[in-house]
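These are my notebook entries on one chain. I set down each look-up in turn, with the criterion that was applied.

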Amino acid sequence: MIREFYAVTATSIYHAVSDDHGRAIATKIAVKGHSRIPVGNRLERGTMIAIRENLVAYDPGITGRPIELVNTKDWGGHSSAIVALFLEVRNAARCFQYPDPRPYDERWLEETKKVVAAIGENHPAFYVDEERRHALAEA
């Protein structure tokens, strides 16, 4: 089971990790330009990390509900738009250097699909929302 991945956003790189208790943490490890969240900060208020248009920390509650069914008041911090997902930090860093990033950039679509496949549908700490999973399957 995947325990970590890297998300490159329009302005940052996040390192998402699940601990031994199935809780997820996403920490900003790099930034370029201006960002209101400095390097070292974590997406807070949640036990899971959802992959949507962006990364979202959230608490699924005792029922383990997916983010689509969780009240937005239980959502925590979130990132800017995701450019790509990676299994290795060196590939994320390489992507981060490219100019003109776009949400779910086709240049790194295969890497993103690998991360989504590694997460699967029943991961205890990471969740890919159904809309995103469907869009990536058709890409």
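This is a predicted model: local features need pLDDT of at least 70, side-chain atom pairs count only at pLDDT 80 or more; totals for chains, interfaces and linings use all residues.

Entry 1: I began with the rule for surface patches: members need over 30% relative accessible area and no salt bridge, and like charges are joined within 9 Å, whereas nonpolar side chains (Val, Leu, Ile, Met, Phe, Trp, Tyr) are joined within 5 Å. A charge is placed at NZ of Lys, CZ of Arg, CG of Asp or CD of Glu. Residue numbers start from 1 along each chain as its sequence is written, and side-chain values rest on heavy atoms, without hydrogens and water.

On the surface I found a negatively charged patch formed by E53, E68, E121, E130 and E131. I located E131 in helix α3, residues 130-138. With a relative accessible area of 57%, E131 is exposed (exposed is over 50%, buried under 20%, partly exposed in between, with a 1.4 Å probe and protein chains only).

**Entry 2: overall fold.** I counted 3 helices and 8 strands in the chain; these are DSSP runs numbered from the N terminus, with helices being H or I of at least four residues and strands being E of at least two. In sequence order the elements read β-β-β-β-β-β-β-α-α-β-α. The C-alpha trace spans about 40 × 35 × 25 Å along its principal axes. I then compared the radius of gyration with the globule rule (C-alpha atoms; 2.2 Å times the number of residues to the power 0.38). The chain has 14 Å, in agreement with the value near 14 Å for a compact globule of 139 residues. Of the 139 residues, 43% are buried.

**Entry 3: salt bridges.** I required a side-chain nitrogen of Lys or Arg within 4 Å of a carboxyl oxygen of Asp or Glu. This rule gives 8 salt bridges. One of them pairs D129 with R52 at 3.0 Å, N to O. D129 sits in the loop between β8 (126-128) and α3, and R52 in the loop between β4 (48-51) and β5 (55-58), so this contact ties together parts 77 residues apart in sequence. I recorded both D129 and R52 as buried.

Entry 4: R102 bridges to D100, with the closest N and O atoms 3.3 Å apart. R102 also meets E106 in a salt bridge at 2.7 Å, N to O. R102 is partly exposed at 29% relative accessible area, while E106 is exposed at 52%. Through shared partners, D100, R102, D105, E106 and R107 form one salt-bridge network.

Entry 5: Which residues in the loop between α1 and α2 did I check? D100 lies there, between α1 (89-97) and α2 (109-119), and Y104 lies in that loop as well. D100, not a glycine, has a positive phi near 55°. Y104 is likewise not a glycine, and its phi is positive at about 45°.

Definitions and conventions: Accessible areas come from the Shrake-Rupley method with a 1.4 Å probe; for residues, only the protein chains shown count as cover. Lys and Arg count as positive and Asp and Glu as negative; His and the chain ends are not counted.
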